[in-house]
Amino acid sequence: MPIIVDKNNVIVAGHTRYKASLELGLDEVPTIVADDLTEEQIKAFRLADNKVGEKSSWNFELLDEELNELENLGIDMTDFDFENLKIDWAGVDEISESNYEKPESEKLRCPLCGGIDEKIRFVKVE
Amino acid sequence: MKIFLSSLENGNQCYQKRQNGKCKELAYYLCENGIKFKWNLMSYYYIGKNKQKLASFIRDNSEEILIDSGAHSFQFGKKVNWTEYTREYADFIKDFDRPNVVGYFEMDIENIIGYSKVLELRKILENVSNKIIPVWHPNRGINDFLEMCKKYHDKVIAIGGFRGTDIKDEQFIMFLKYAKKYNCKVHCLGMTRRNILDKVPFDYVDSSSWKQGGIYGRIDGRGKVTKEFSKVKREIVFMKNYQNGIKMQEHYYKKWRKECKD
């Protein structure tokens, strides 16, 4: 995706690409000179360019393929919100009769007899 | 992990199509504005007989769909013929089913009608579909969960995610491990707490927080639009919130993509 500049070589869209190019030490990058746009059209283009990104979403199948490929090449993408968590299942106990802890449930008191029991055991009157 | 956004079918988010003054549901507006649906959860209670066209539209434009029986939505104390409601739900399932519908939650109203009646209603649903999702509650005892995983191996099962009443926070992962032994996919109902979602890779959860914010005119859970804006351009508020919901879907899918493979 080329960087778009106006007739005075001021960047209209692609500021991040420009910064990345500087960081990579690139001498040249592809650009499109939008010399036929008015000031107002450039402003509108800049806003629209930023806006369209909000509507994009990921194709997860392709994303999985790409990320797996990069992973195989040893490229770490976790800094770019591509965390890839794994659970160490060997260190997790399975739930069972012996280790299950029932949460304390809400209790109600019967106004007539004063008896207390779990809310779930009270029957709703329809 | 797939977060299913709920309540898109719930019609109080109608917007006025300004050219001809006709009222349309939000789902159409979102699609017209280029929003791509991923995973949505709809409630049969809201779909009923009047919104099947809208439900089909949402289904056909979503990657995957979950359907809730909606039995919880009835006003407490309202007299309902649950068998009849379940039969109607079953008829709906027969017509509505498509490959991208992941499953249909059972009649999760044990606290109203008791477990034996829930099992009876489950049978009615299982007679029409093999995608019925059983929901486990702690009062049935842990053995019932263990048995459920065996019986529903390779299928989707559900547990409750409400703080303090369903499962202790530190034990969710233990439930998940047992379910995985039987290749069950686990949906944790109503689980939107990030401190749990960041630690426990449920296969599916659901969230209506995008809608809750919109109702109160909030965008991004922080900024608040004016009452006037919320009144006349409500659909914009909801669209922003739904987009944030999609961002949350993407974040957790990416985060747990290795643990929750299809």
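**A walk around the pocket and the interface**

Hi everyone, let's start with the largest pocket: its lining divides into 15 nonpolar, 19 polar and 12 charged residues. Keep in mind that this is a predicted model.

The largest share, four residues, is from α10(B).

Now please turn to where the two chains meet. Here 49 residues of chain B are in contact with 37 residues of chain A. Together the two chains bury about 4200 Å², with 54% of that on carbon and sulfur atoms. On the chain B side, B:Lys177, B:Lys254 and B:Arg257 lose the most area to chain A, together 17% of what that side buries. How many salt bridges does the rule find across the interface of chain B and chain A? Five. One salt bridge you can look up joins the side chains of A:Glu101 and B:Lys168, at 3.1 Å from N to O.

Next, a helix inside chain B. Helix α7, residues 142-151, has these buried residues: B:Ile142, B:Asp144, B:Phe145, B:Leu146, B:Met148 and B:Cys149. A handy thing to remember is that an α-helix has 3.6 residues a turn, so residues three or four places apart point the same way. The buried residues of α7(B) pack against α6 (115-126), β8 (135-136), β9 (156-160) and α8 (172-181) of chain B.

Let's stay with α6 of chain B for a moment, as B:Arg122 is found there. Is B:Arg122 buried or exposed? B:Arg122 has a relative accessible area of 6%, and because buried means under 20%, B:Arg122 counts as buried. Leaving out residues up to four places away in sequence, B:Arg122 touches B:Glu106, B:Tyr115, B:Ile132, B:Pro134, B:Arg140 and B:Tyr152.

Most residues other than glycine have a negative phi. A:Asn9 is not a glycine, yet its phi is positive, about 65°. You will find A:Asn9 in the loop between β1 (3-5) and β2 (11-13) of chain A, and A:Asn9 is exposed, at 60% relative accessible area. In chain B, B:Ser7 also is not a glycine and has a positive phi, about 80°. B:Ser7 is in the loop between β1 (2-6) and β2 (15-17) of chain B, but B:Ser7 counts as buried, at 14% relative accessibility.

Methods
Residues numbered from 1 in each chain as written. Chains lettered and ligands numbered in written order. Predicted model: local features only at pLDDT ≥ 70, side-chain atom pairs only at ≥ 80, totals over all residues. Heavy atoms only, no water. Buried < 20%, exposed > 50% of the residue type's maximum accessible area, 1.4 Å probe, protein only. Helix = DSSP H or I, 4+ residues; strand = E, 2+ residues; numbered from the N terminus. Contact = heavy atoms within 4.5 Å. Nonpolar A, V, L, I, M, F, W, Y, C, P; charged D, E, K, R; others polar. Buried area = accessible area lost by both parts, 1.4 Å probe. Salt bridge = Lys/Arg side-chain N within 4 Å of Asp/Glu carboxyl O.
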